[in-house]
Amino acid sequence: MNDFDRLIDSIRNDVPPVGEAADRVRAKLNEAAGANSLCGSFRADFAAYRTGTLAEGRRMLVDDHLHSCALCRREYAGVNAAKVVTMPKRAVARRWVLATVAAALTIGVGLAAPSVLDRVLTPEGPRATVASIEGTLVAVSSEGVKALTVGAAIEEAQEIRTGKESHAIVRLRDGSLVEMRERSELSIEEKWRSKTVRLARGSVIVEAAKQREGRLEVATADALVTVHGTIFGVSAGLRGSRVSVIEGEVRVEEAGADIAILHRGDQKTTNAMERTAVSEDVSWSQNSAKYLALLVDLRSVGEQISLLPLPGLRYTSSLINRVPVDSVVVTAFPNLTGMLDEAERIFDDKAKQSAAMAEWWQKSGAHNMREAMEHIRSTGIYLGDEVITALPLHGGRWFWPK
Amino acid sequence: MLQMAEATSQMTSMMPRALDDLYAEYHGTVFAAAYRVTGSAADAEDVLHTVFLRLLKQGEAAQLNNPEGYLRRAAVNAALDVVRMRRGADVDLDRMPSRGRGVMDQLQNDDLKRQIRTALAELPERTAEVFVLRHFEGHKNPEIARMLGISQIAVAVTLHRARKKLQDTLRKAGVQQ
């Protein structure tokens, strides 16, 4: 037997026992089978639902199910799918053809420009460094496998993986932190104005630094998550992806689906990925206590702010007579400076009670919000209770009423 | 751990009976076939789930003439897809010691297997499937010919080409043939 046959033999015989994986998969299949039979019963009613002949009670149940089940929504859309009819060609005037070609060329150049700039202006050097490792972190390439240590540089598109019972944190060039769960695999790509963490499998939690001009993305096989400064988790596997937001706002693009904007406490899954509680989704992190406390604190602050009294309805205006007579757009709104002061007091109070909140409120996490509040306040203190803006037809020329 | 296993086995199954029986009999076969191709227990678990979930959705478990052959092929093809989706090569992180000096030794030992698996995934789909069924799963040439609906000669030629390609890969890595 030569080395090749010995190697093949070793692959054939060296198989670990299936162990607890069998029970885990069985439990998931049972869950899917339950959902499958439920979906089947609803799908049988789709035709009647569509024609409006379903009993009221059942119609409400189908309504509710369609709201919560993406697969059935797709199935229902298929039932409803409109037939595509080929329309006869219409004669097009020559000048329109020329105009269309010109527009296409302009758009083409516009679209090509960013990619050219990306090539020219892409920064050189490592994309990230290893900030901490517990267990094993390896870099894998066609040349082989190399164990990484703290401080190691991670190059463009270099694939890194955490081992079993291991986790690691890598720091991107802009200061964003990416925490990797055990058995996770990712690479980092950077262009002129974007950084992309490509998550092939496993889970990460990203603490995104404030993005000055560019953007930070996490890409999985079926989803693209874009952020500006926030904390969120992404998991990727064969069944799809799951995005959970701890703080801030992220935008999720999924092939063939509408763009979703997620906020604190929101979660989105793609394909057949299981949903889970957001708190559970970050429980593996070494900072899980901080993230969970932040989730609870921000929810509590949000509830307190929602209870703040809004300015009452206004039925008269002392400013409307001062609006230019040729105004085409007039908007009026209350001065919210007092309410913002109250909201800031609530944030300050919570920060005194909670270390996680204090860190978020004092550091970069709340930077954008504090900046916006300060901006509104700096103008608002010079205004009265009523604020009016007007857009006069003859821009800049004011016609005071006589 | 024992309690968890007992709880799972005592749980009322929601799966159709035929699928439940297939799972009980062949889950180990599917897992092992997937592991041999991917070299990763986590990926093999995902393949196990994917293969049976597909059967559940299609509702065809009761109509299979040769369930073992069907499941082996499904596992091999799903596992090959997993390896093709990888951007680089694989290393079995589940079985790798998480700490200590053994890490590098095992990385080096697994490296050749990793190269074989990567090269296998780069072969044409049918060629890779034939090689895996013959050499990893132990099917004879006539069985493979029946399973895939091709002639025995075609199986033999495909195997010869696959073997040559994989041996070339190893030769480049400095392994004596």
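I count two residues as in contact when heavy atoms lie within 4.5 Å. The model I am reading is predicted.

**Entry: two helices in chain B**

I looked up where α6(B) meets α7(B). B:Arg126, B:Glu129, B:Val130, B:Leu133 and B:Arg134 of α6(B) touch B:Asn141, B:Ile144, B:Met147 and B:Leu148 of α7(B). I sorted the residues of this contact: five are nonpolar, one is polar and three are charged.

Next I checked the axes. Helix α6 (residues 125–136) of chain B and helix α7 (residues 141–148) of chain B have axes that come within 10 Å and cross at roughly 140°. Only angles over 145 degrees count as roughly antiparallel, so α6(B) and α7(B) are oblique to each other. Their crossing is right-handed.

**Entry: salt bridges**

I searched the whole structure and found 29 salt bridges over all chains.

A:Arg26 pairs with B:Asp20, with the closest N and O atoms 3.1 Å apart. This pair crosses between chains, from helix α2 (residues 20–43) of chain A to helix α2 (residues 17–38) of chain B. A:Arg26 is buried at 15% relative accessible area, and B:Asp20 is buried at 15% too.

A:Asp63 and A:Arg59 form a salt bridge at 3.3 Å, N to O. Both sit in helix α4 (residues 56–68) of chain A, four residues apart, about one turn. A:Asp63 is partly exposed at 34%, and A:Arg59 is partly exposed at 28%.

A:Glu185 bridges to A:Arg201, with the closest N and O atoms 3.0 Å apart. A:Glu185 lies in strand β8 and A:Arg201 in strand β9 of chain A, so the pair ties together parts 16 residues apart in sequence. Both residues are buried. I also noted a network of salt bridges linking A:Glu159, A:Arg161, A:Glu185, A:Arg201 and B:Asp43.

Technical notes. Residues are numbered from 1 along each chain as its sequence is written. Chains are lettered from A and ligands numbered from 1 in the order in which they are written. This is a predicted model: local features need pLDDT of at least 70, side-chain atom pairs count only at pLDDT 80 or more; totals for chains, interfaces and linings use all residues. Side-chain values use heavy atoms; hydrogens and water are left out. Axes are lines fitted to C-alpha atoms, for helices over the stretch in contact, and angles run from 0 to 180 degrees between N-to-C directions. Angles under 35 degrees count as roughly parallel, over 145 as roughly antiparallel, 65 to 115 as roughly perpendicular and the rest as oblique. A crossing is left-handed if the near helix is turned anticlockwise from the far one by less than a right angle, and right-handed if clockwise. Ala, Val, Leu, Ile, Met, Phe, Trp, Tyr, Cys and Pro count as nonpolar, Asp, Glu, Lys and Arg as charged, and the others, Gly among them, as polar. A salt bridge is a side-chain nitrogen of Lys or Arg within 4 Å of a carboxyl oxygen of Asp or Glu. Buried means under 20% relative accessible area, exposed over 50%, partly exposed in between (1.4 Å probe, protein chains only).
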